[in-house]
Amino acid sequence: MYNGLLHAHSGIRYLTLILLLCVILQSFYGWIRQRKYAGSHHVLVKLNAGFFLAQLMIGAVLYTISSKVLFDPEMFKSTLLRFFTLEHPLMMLLATALIIHNASKSKSYSNYKTHKRIFWNNLIAFIIVIASIPWPFREQLGTSWF
């Protein structure tokens, strides 16, 4: 069960990143062109929030059953344990909260300033997500692409 959830969590991250980039690009375009925030924009923002919620739920289950999560003062001495116990969940929770807050506050058929708010909040969330993913090139974390 653990391996299946871990692979799902790692695989869905690419879909969430693609959706997040689509939302950022769409909102930037809408903001620069001063387009009205319409229903099609709203659907993409809500879909993005849904994928982030799914990732959050899978991550919460993994957090409870993972051997990389340790609640002990010794955890702070290990880069791997500190990252998976504290840093990764906290940063991802913050990014997910930003994205869900954005989705809940955006209303269909509002003005172009909605695009501006969505752009900046999602860009901040994107930076947080990229910084807190355990990429394979971060050797001390020992993860893979999937």
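A residue counts as buried when its relative accessible area is under 20%, as exposed when over 50%, and as partly exposed in between (1.4 Å probe, protein chains only). Thr16 is buried, with a relative accessible area of 4%.

Before we go on, please note that this is a predicted model, in which local features need pLDDT of at least 70 and side-chain atom pairs count only at pLDDT 80 or more, while totals for chains, interfaces and linings use all residues. Residues are numbered from 1 along each chain as its sequence is written, and side-chain values use heavy atoms, with hydrogens and water left out.

**Around Thr16**

Thr16 sits in helix H1; helices (H or I, at least four residues) are DSSP runs, numbered from the N terminus. Its side chain reaches the backbone oxygen of Arg13 at 2.7 Å. Leaving aside neighbours within four places in sequence, Thr16 is in contact (heavy atoms within 4.5 Å) with Asn48, Phe51, Phe52 and Gln55.

**Aromatic rings**

A pair of aromatic rings is described by the distance of the centres and the angle of the planes. Rings of Phe, Tyr and Trp (its six-membered ring) pair if their centres lie within 6.5 Å; planes under 30 degrees apart count as stacked, over 60 as edge-to-face and the rest as tilted.

| Pair | Centre to centre | Angle of planes | Type |
|---|---|---|---|
| Trp31 and Phe119 | 5.6 Å | 35° | tilted |
| Phe83 and Phe84 | 5.1 Å | 90° | edge-to-face |

Trp31 in helix H1 (residues 2-32) and Phe119 in helix H4 (residues 113-132) are 88 residues apart, so this pair links distant parts of the chain. Phe119 is buried at 9% relative accessibility, and both Phe83 and Phe84 are buried too. One aromatic cluster is formed by Phe28, Trp31, Phe119 and Trp120.

**The largest nonpolar core**

A nonpolar core is a set of buried Ala, Val, Leu, Ile, Met, Phe, Trp, Tyr and Cys residues joined through side-chain atoms within 4.5 Å. The largest one here has 22 residues, and Leu17, Leu20, Val45, Ile99, Val129 and Ile133 touch the most other members. Two or more residues come from each of H1, helix H2 (39-65), helix H3 (79-105) and H4, and H4 gives the most, with 6 residues. Not counting residues up to four places away in sequence, Val129 touches Leu17, Phe52, Met92 and Ala95.

**An exposed leucine**

Is Leu90 buried or exposed? Leu90, in helix H3, counts as exposed at 55% relative accessibility.

How values were computed. A polar contact is a pair of N or O atoms within 3.5 Å; within protein, one must be able to donate a hydrogen and the other to accept it, and residues adjacent in sequence count only if both atoms are side-chain atoms.
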